[in-house]
Amino acid sequence: MEAGDGANAPACLDMNAMRDALMADPDWVRRDTELMARLAGDDLSGEVIDFGAAARARLLEENRRLKAARAELASHARANLAILSQTHVATLSLMECDDLAAFDTRLASDIPAILAIDEIRIFVEGTAPLRDGLSVKPAAPGLANQLLGSDNDFTGPASPGTAHALYGQAVGSHALARMDVNGREAILAIGARDVAAFAEGQGTEFLNFLARAIERRMGPWIAKA
């Protein structure tokens with residue numbers, strides 16, 4: 001009998017029982033370091049599975065996934081830091097304005113470049129804050145509820161009709177935040193031609209921070225409701 005025919009196996013060995021045991025608990029082989037070393041050794045017949053290579057392949061694949069996840073997390077962190085910096089610069093710039101006219105001019109001229117957006121509007125319901133405001137606009141009562149319903153903010157695509165009504169031109173996406181300016185309902189609207197600038201479900205912490213800063217700065221300039 002040749003070596004490949006099981007001549008070295010004990011006569012009483014039940015190969016089917018061994019196979020069933022290994023199928024039921026394959027980790028038994030991995031726990032036996034001596035057996036694992038034997039199985040992972042050189043195989044001239046090509047019939048022995050290299051468990052060591054399989055384990056290394058799994059570890060390498062998991063390592064690649066972890067590296068990809070870490071890179072994505074770092075990218076998000078950098079993006080958030082950039083947005084935070086932009087929001088702080090915009091807020092400080094607006095805090096320097098001495099009156100509503102200067103505030104409106106700053107909104108229209110400087111803030112879009114600082115925030116890397118295309119349009120910014122503030123609609124105050126039930127009053128006309130400025131006769132010819134560039135960014136600070138009057139609005140009929142109920143606009144905030146019409147746009148946001150019961151929500152406080154929104155990010156996502158802008159329909160053509162809504163975009164033209166708010167910004168006077170088409171935008172790909174926008175962000176909306178409800179405001180209370182000295183007792184009056186108001187809404188902050190930020191538009192971007194880039195459809196990916198504002199996505200549904202996007203975090204709105206920085207948007208709301210800017211909205212709260214704006215409503216406090218505008219409060220003294222807006223008549224109470």
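# Close-up views of a predicted protein model

View 1. Helices (H or I, at least four residues) and strands (E, at least two) are taken as DSSP runs and are numbered from the N terminus, and two strands count as paired if DSSP finds at least two bridges between them. Strands of a sheet pair through backbone hydrogen bonds, and they may do so in a parallel or an antiparallel way. Residues are numbered from 1 along each chain as its sequence is written. Because the model is predicted, local features need pLDDT of at least 70 and side-chain atom pairs count only at pLDDT 80 or more, while totals for chains, interfaces and linings use all residues, and side-chain values use heavy atoms, with hydrogens and water left out.

**View 2. Strand β5 and its partners.** Strand β1 (residues 119-125) and strand β5 (residues 184-192) pair in the antiparallel sense over six bridges, and within this pairing R121 has A189 in β5 as its bridge partner. Strands β4 and β5 also run antiparallel, joined by nine bridges, and here the bridge partner of A175 is I190 in β5. In the hairpin of β4 and β5, which has two residues between the strands, N182 takes a positive phi near 55 degrees.

**View 3. Strand β4, from its other partner to its surroundings.** Five bridges join β3 to β4, and the two strands run antiparallel; in β4, S173 is the bridge partner of P157. How many of the nine residues of β4 are buried? Eight of the nine are, so β4 is largely enclosed by the rest of the structure. Here, buried means under 20% relative accessible area, exposed means over 50%, and partly exposed lies in between, with a 1.4 Å probe and protein chains only.

**View 4. A nonpolar patch on the surface.** M15, M18, L22 and W28 form a nonpolar patch on the surface, and together they have about 380 Å² of accessible area. Helix α1 (residues 15-24) gives the most to this patch, with three residues, whereas W28 lies in helix α2 (residues 27-31). W28 is partly exposed, with a relative accessible area of 44%. Patches are made of residues with over 30% relative accessible area and no salt bridge, where like charges are joined within 9 Å and nonpolar side chains (Val, Leu, Ile, Met, Phe, Trp, Tyr) within 5 Å. Accessible areas come from the Shrake-Rupley method with a 1.4 Å probe, and for residues only the protein chains shown count as cover.

View 5. The side chains of R193 and D118 meet in a salt bridge (3.0 Å, N to O). This pair links distant parts of the chain, since R193 is in the loop between β5 and α9 and D118 is in the loop between α6 (111-115) and β1, 75 residues apart. R193 counts as exposed at 54% relative accessibility, while D118 is partly exposed at 27%. A salt bridge is a side-chain nitrogen of Lys or Arg within 4 Å of a carboxyl oxygen of Asp or Glu, and by this rule the count comes to nine.

**View 6. Further salt bridges.** R216 forms a salt bridge with E215, with the closest N and O atoms 3.2 Å apart. In another pair, the side chains of R106 and D110 meet in a salt bridge (3.3 Å, N to O). E61, R64 and R65 are linked in a network of salt bridges.
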